[in-house]
Amino acid sequence: MSPEGVCDVDFWPYLENITSDAISRTAFGSSYEEGRRIFEFLPTKRNNRMKEIESQVRPIVRALIDRRVNAIKAGEAINPDLLGMLLESNFQEIEQHGHKSFGMTIDEIIEECKVFYFAGQETTSTLLSWTMVLLSKHQEWQKRARDEIYNVFGKEKPNYEGLSQLKTVSMILFEVLRFYPPVVALLRHVTEEIKLGKYTLPKDIGLNIPVLWLHHSREFWGDDAMEFNPERFRDGVAKAVKGSGMFCPFGWGPRICLGQNFAMVEAKAVLSMILQRFTIELSSSYTHAPRLIFTLQPQHGLHLTLRRI
């Protein structure tokens with residue numbers, strides 16, 4: 001950073017780091033350094049050998065689980081993280097019914113761990129990255145967010161109770177999720193014939209739900225659907241859009257993402273700490289190129305100009 005308190009930085013790797021660290025500690029009680037061994041195997045343009053990735057990730061997650069299982073059997077206290085709660089619940093289910101056929105197998109627990117680690121990291125880092133882009137383009141909303149954050153926290157560290165009071169920040173995050181949903185389409189498999197409105201869906205067909213299209217449809221969002229307008233969420237999601245289920249950045253119905261509240265709380269906390277300290281602008285080296293891997297990511301990084309407040 002220059003003596004004037006200005007610097008250009010690619011923010012994308014830092015957002016990946018902080019969200020990886022957060023989900024590592026929350027899910028596994030480990031530091032980012034341990035969780036990173038799992039994150040490194042996410043498929044990318046240079047690393048898309050799925051079967052090889054699977055064979056490398058599984059032993060890492062299995063080792064984490066085995067250490068916990070052995071600790072529980074030895075009578076040690078259960079760690080208060082997601083993995084600890086999952087294992088504790090699973091043991092209680094088995095004990096209650098007296099048979100291992102109840103509860104989850106180790107393979108099923110491994111799959112659950114992989115899902116909440118990968119999904120928990122990816123969605124939050126992309127949400128934060130596009131929030132930085134849109135607040136850089138819309139300085140009036142950046143100012144409104146900062147004013148609200150100062151009003152709630154001053155320059156103190158954000159706390160959980162205060163995060164729930166950030167109405168303007170919530171509106172901004174919802175609009176970012178509408179504009180750039182982390183997952184641009186949802187895939188669903190029909191397990192039995194079902195009637196959906198005027199349509200009858202036969203068994204064993206696949207459905208592709210176009211989230212990105214739904215989020216930009218003038219039919220559901222009005223004539224300003226292609227404009228960044230967090231104000232549309234002032235009275236909540238239900239009144240922002242015509243029709244149930246048209247806003248689905250985390251899915252919808254019984255399969256909705258269980259980590260959506262975690263992602264929103266984390267995004268609010270990170271955004272608060274950034275805006276307490278800096279104003280942000282797009283750097284002259286920023287190139288806008290959203291790219292879909294698993295989630296919608298900035299292809300050429302997130303180059304920002306930070307000015308210390």
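Visitor: In the largest nonpolar core, which residues touch the most other members?
Guide: Bear in mind that this is a predicted model: local features need pLDDT of at least 70, side-chain atom pairs count only at pLDDT 80 or more, and totals for chains, interfaces and linings use all residues. Residues are numbered from 1 along each chain as its sequence is written, and side-chain values use heavy atoms, with hydrogens and water left out. A nonpolar core is a set of buried Ala, Val, Leu, Ile, Met, Phe, Trp, Tyr and Cys residues joined through side-chain atoms within 4.5 Å; buried means under 20% relative accessible area, exposed over 50%, and partly exposed in between (1.4 Å probe, protein chains only). Of this core's 56 residues, the ones touching the most other members are Phe11, Met132, Trp221, Leu302 and Leu306.

Visitor: And which element supplies the largest share of this core?
Guide: Elements here are DSSP runs numbered from the N terminus: helices (H or I) have at least four residues, strands (E) at least two. The largest share of the core is eight residues, and they come from H11.

Visitor: What does Met132 touch?
Guide: Contact means heavy atoms within 4.5 Å. Not counting residues up to four places away in sequence, Met132 touches Phe11, Leu271, Ile274, Ile280, Leu302 and Leu304.

Visitor: How many residues are in the second, separate core?
Guide: Ala27, Phe28, Val69 and Tyr117 are among the members of that second core. Its residue count is 14.

Visitor: At roughly what angle do helices H6 and H11 cross?
Guide: H6 covers residues 139–153 and H11 residues 260–277, and their axes come within 9 Å. The axes are lines fitted to C-alpha atoms, for helices over the stretch in contact, with angles from 0 to 180 degrees between N-to-C directions. The angle is roughly 100°.

Visitor: Which residues of H11 make the contact with H6?
Guide: From H6 come Gln142, Ala145, Arg146, Ile149, Tyr150 and Phe153. H11 answers with Leu271, Ser272, Leu275 and Gln276.

Visitor: How far apart in sequence are the parts tied together by the Phe174 and Phe233 pair?
Guide: Rings of Phe, Tyr and Trp (its six-membered ring) pair if their centres lie within 6.5 Å, with planes under 30 degrees apart stacked, over 60 edge-to-face and the rest tilted. This pair is tilted, at 5.5 Å centre to centre and 40° between the planes. Phe174 is partly exposed at 24%, while Phe233 is buried at 3%. Phe174 lies in H8 and Phe233 in the loop between H10 and H11, so the parts are apart by 59 residues.

Visitor: Which kind of pair do Trp221 and Phe247 form?
Guide: Trp221 lies in H10 and Phe247 in the loop between H10 and H11. Trp221 is buried at 4%, and Phe247 is buried at 8%. Their ring centres are 6.0 Å apart with planes at 75°, so the pair is edge-to-face.
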